[in-house]
Amino acid sequence: MSTVQKHTEIIKDIASGMGFDYCGIAKAQLLNEDAKRLETWLSKGMHGTMQYMENHFDLRIDPCKLVPGARSVITLLLNYYPAQNQSADAPKISKYAFGADYHEVIRNKLKGFMQEIKEKIGEVNGRGFVDSAPVLERAWAQKAGIGWIGKNGNLINKDSGSFFFIATLIVDLELNYDNEYIKDYCGTCTKCIDNCPTEAILPDKVIDGSKCISYFTIELKDALIPGAMKGKFDNWMFGCDVCQNICPWNRFAKSTNEINFTPIPEILNFSKNDWEELTEESFKTIFKNSPLKRSKFEGMKRNLNFIEQ
Ligand code: B12
Ligand code: SF4
Ligand code: SF4
């Protein structure tokens with residue numbers, strides 16, 4: 001077995017040992033076509049007030065600028081599909097936010113991953129990223145052969161759907177590369193487009209981020225949500241799962257094995273009334289490790305008021 005082959009197997013073994021559900025590897029190179037798509041998306045203002053999407057354009061399209069001497073981009077998927085649902089009268093919260101904050105959970109795993117690489121392979125330079133870094137994570141997952149990008153913009157795996165977080169490790173180690181995922185199994189389906197409550201899903205897999213409920217309820221920091229959206233949120237208080245819940249490929253979703261994603265009981269059970277009565281102090285205690293922190297107490301109250309009107 002060649003050294004490159006041996007290293008590739010070590011990486012894939014570490015990934016499954018750490019509980020990642022999928023691991024694919026792509027050659028580190030400039031993302032030309034994606035760069036064009038990103039540029040158009042930004043020029044049309046589809047990032048709304050998410051200024052950070054304008055930063056580091058050069059790094060975002062080229063992993064070799066993020067990690068000097070980068071050879072490989074390793075994509076890792078972690079399933080977050082919960083075993084339990086919210087109660088029927090609870091203001092809706094996106095499934096990705098039922099348990100502990102994935103940024104912290106995955107960041108710890110990535111640290112351990114790099115450590116194990118060094119122990120088992122030797123001096124390898126690399127960095128792990130999840131979500132907030134300038135990395136086009138969905139594009140890399142598709143290039144690493146894990147799935148296709150659906151009309152709803154999400155990375156979909158044919159065996160398990162789209163309820164996955166994506167993490168990336170960029171390393172200066174040569175590895176064997178998986179074949180890019182060329183097929184697209186959306187076919188003639190348009191369910192996500194037809195059901196998006198705010199018409200944020202445009203043709204050609206373009207998502208207008210500035211119209212997405214996830215943007216309004218999590219990323220928008222204004223004191224008020226635009227009045228034009230009134231009546232459209234269908235009880236979503238934090239994030240939105242409509243375009244994933246409706247996707248036929250998610251009938252293959254299996255419950256997560258990640259203990260840190262076990263739902264916080266209050267997320268499942270809090271009624272509108274409980275949310276209304278919640279104090280800032282209790283919010284900070286109950287949700288101290290939760291992704292809800294991103295919206296802060298005032299943000300959650302703003303969202304609640306908006307869906308109640
Ligand atoms: C900004 C952002 C948002 C914004 C904007 C959404 C958007 N579609 O861009 C908002 C706040 C709205 C958002 C919402 C959500 N997000 Co978000 N978000 C991001 C973030 C930080 C950047 C995405 C980005 O670069 N957007 C810019 C646009 C231009 O890129 P894009 O939509 O990813 O499309 C690229 C490729 O898909 C490609 N592409 C698509 N089709 C085609 C076709 C061809 C031919 C080619 C060449 C390329 C191509 O082109 C684009 C450029 O590379 C990523 C993390 C990251 N660092 O990547 C998470 C991320 C995409 N989000 C994620 C999640 C889970 C969500 C939500 C489901 C959360 C929720 N339930 O509320 C929703 C889903 C909304 C949706 N339908 O996309 C996950 C997606 C996991 C998955 N299975 O795909 C990510 C990867 C975070 C993570 N690390 O897990 N998000
Ligand atoms: S997350 Fe909701 S609002 Fe955003 S694109 Fe999907 S269905 Fe539309
Ligand atoms: S709902 Fe249909 S069109 Fe949308 S992503 Fe899923 S399969 Fe593709």
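Predicted model: local features only at pLDDT ≥ 70, side-chain atom pairs only at ≥ 80, totals over all residues.

Colleague: How many charged residues has the shell around ligand 2?

Modeller: Ligand 2 is surrounded by Cys 196, Pro 197, Thr 198, Ile 201, Cys 212, Ile 213, Cys 240, Val 242 and Cys 243. Eight residues of this shell are nonpolar and one is polar. The number of charged residues there is none: the shell has no charged residues.

Colleague: Is Ser 160 buried or exposed?

Modeller: Ser 160 is placed in the loop between β6 (155–156) and β7 (164–171). Buried means under 20% relative accessible area. Because its relative accessibility is 7%, Ser 160 counts as buried.

Colleague: With which side chain does the side chain of Ser 160 make a polar contact?

Modeller: Beyond its neighbours within four places in sequence, Ser 160 is in contact with Tyr 22, Trp 249, Asn 250, Phe 252, Ala 253 and Lys 254. The polar contact, at 2.6 Å, joins the side chain of Ser 160 to the side chain of Tyr 22.

Colleague: How many residues are in the largest nonpolar core?

Modeller: Ile 11, Leu 76, Phe 113, Trp 275 and Leu 292 touch the most other members of this core. Leaving aside neighbours within four places in sequence, Leu 76 has contacts that include Phe 113, Phe 20, Tyr 22 and Phe 165. The residues in the largest nonpolar core number 92.

Colleague: Does Glu 199 count as buried or exposed?

Modeller: Glu 199 lies in the loop between α7 (191–195) and β8 (201–202), and its phi is positive, near 55 degrees. Most residues other than glycine have a negative phi. Exposed means over 50% relative accessible area. Since the relative accessibility of Glu 199 is 56%, Glu 199 counts as exposed.

Colleague: What is the phi of Lys 205?

Modeller: Lys 205 is found in the loop between β8 and β9 (206–207). At 28% relative accessibility, Lys 205 counts as partly exposed. Its phi is positive in a residue other than glycine, with a value near 60 degrees.

Note on methods: Residues numbered from 1 in each chain as written. Chains lettered and ligands numbered in written order. Heavy atoms only, no water. Near = heavy atom within 4 Å. Nonpolar A, V, L, I, M, F, W, Y, C, P; charged D, E, K, R; others polar. Helix = DSSP H or I, 4+ residues; strand = E, 2+ residues; numbered from the N terminus. Buried < 20%, exposed > 50% of the residue type's maximum accessible area, 1.4 Å probe, protein only. Polar contact = N/O pair within 3.5 Å; in protein donor to acceptor, adjacent residues only side chain to side chain. Contact = heavy atoms within 4.5 Å. Core = buried A, V, L, I, M, F, W, Y, C linked by side-chain atoms within 4.5 Å.
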